[in-house]
Amino acid sequence: MPAQHIHILINPTNRTFPPWYELEKTSNHKIYTPEWTFEENDLKRFE
């Protein structure tokens, strides 16, 4: 079944490397993007 929702990712802080974000360690283990805040355990990786 084809996707029902489409998400377009834009990184407004670094237009040469969209849609990726560089992660910085924070004391509260949260990851901040312009629209969402993620917990560190929300990270996933494809290899």
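A residue counts as buried when its relative accessible area is under 20%. By that cut-off, buried residues make up 6% of the 47 residues in the chain of this predicted model. The secondary structure consists of two strands and zero helices, and the structure holds one salt bridge.

**Surface**

**Salt bridge**
- Side chains of opposite charge can pair when their charged atoms come close.
- Here the pair is K30 and E39, whose closest N and O atoms are 2.5 Å apart.
- That distance meets the criterion for a salt bridge, because the criterion asks for a side-chain nitrogen of Lys or Arg within 4 Å of a carboxyl oxygen of Asp or Glu.
- K30 has a relative accessibility of 26% and counts as partly exposed.
- E39 is partly exposed as well, with a relative accessible area of 35%.

**Backbone at H29**
- H29 belongs to the segment before β1, a strand that spans 30–32.
- The phi angle of H29 is near 60°, a positive value in a residue that is not glycine.
- Most residues other than glycine have a negative phi.

Conventions:
Residues are numbered from 1 along each chain as its sequence is written. This is a predicted model: local features need pLDDT of at least 70, side-chain atom pairs count only at pLDDT 80 or more; totals for chains, interfaces and linings use all residues. Side-chain values use heavy atoms; hydrogens and water are left out. Helices (H or I, at least four residues) and strands (E, at least two) are DSSP runs, numbered from the N terminus. Buried means under 20% relative accessible area, exposed over 50%, partly exposed in between (1.4 Å probe, protein chains only).
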